[in-house]
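I open this page to keep track of what I look up in the structure, one topic at a time.

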Amino acid sequence: MIKGFKEFIMRGNVVDLAIAVVIGAAFNSVVQELVKDLVTPLIAAIGGNPDFSSLKFTINHSTFKYGAFFNAVISFLVVAAAIYFLVVMPLNKIAERRAAKLAKGEPDPEPKPEEIILLQQIRDILWKERAQG
């Protein structure tokens, strides 16, 4: 049981996922402050209300508080937009440029250092051994 858990934890994608979660949480904090300090006041300047959490309506003595949901939707949209415009689009452009250069037959601008090639060879050997055993 311990051996299986160790193999699970030592997989590269689990470690990468853990790193992504930590970086994502930090990035989310930055974007939340952007929403709180810039976007919400901008919307308030246009619409006149800086905090939407107090928005509600009542039907038959039932209160529907939709303001907090509205705040969450705005935060989500800003986080999604920030990730798209600051991470996804630039990485896609870099990948497109690299693919176009490779299609023309141009080599990568920076050759891989010898250590990286050695590590890749070790990784490939380990994957082959894992697949066989």
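Predicted model: local features only at pLDDT ≥ 70, side-chain atom pairs only at ≥ 80, totals over all residues.

**Entry: salt bridges**

I asked how many salt bridges a search of the whole structure finds. The search returns 1 salt bridge, and I find the side chains of Arg123 and Asp124 meeting in a salt bridge with an N to O distance of 3.1 Å. That pair qualifies because the cut-off is 4 Å. In general, side chains of opposite charge can pair when their charged atoms come close.

**Entry: the hairpin**

I turned next to the strands, where β1 (56-59) and β2 (62-65) pair in the antiparallel sense over 4 bridges. I asked which residue in β2 stands opposite Phe57, and the residue I find there is Phe64. The hairpin of β1 and β2 has 2 residues between the strands, and I looked at Asn60 and His61, which both lie in that loop.

For Asn60 I read a phi near 50 degrees, a positive value in a residue other than glycine. His61 likewise has a positive phi, near 65 degrees, and is not glycine either. I noted these values because most residues other than glycine have a negative phi.

**Entry: positive charge on the surface**

I asked which residues gather in a patch of positive charge on the surface, and I list Lys93, Arg97, Lys101 and Lys104 as the residues that make up this patch. Of these I followed up Lys93, whose place is in helix α3, a helix that spans residues 67-103. Lys93 has a relative accessibility of 44%, so I record Lys93 as partly exposed, given that partly exposed is the range between the buried limit of 20% and the exposed limit of 50%.

Note on methods:
Residues numbered from 1 in each chain as written. Heavy atoms only, no water. Patch = residues over 30% accessible without salt bridge, like charges linked within 9 Å, V, L, I, M, F, W, Y side chains within 5 Å. Areas by Shrake-Rupley, 256 points an atom, 1.4 Å probe, with all protein chains shown as cover. Lys, Arg positive; Asp, Glu negative; His and termini not counted. Charge placed at Lys NZ, Arg CZ, Asp CG, Glu CD. Buried < 20%, exposed > 50% of the residue type's maximum accessible area, 1.4 Å probe, protein only. Pairing = 2+ DSSP bridges.
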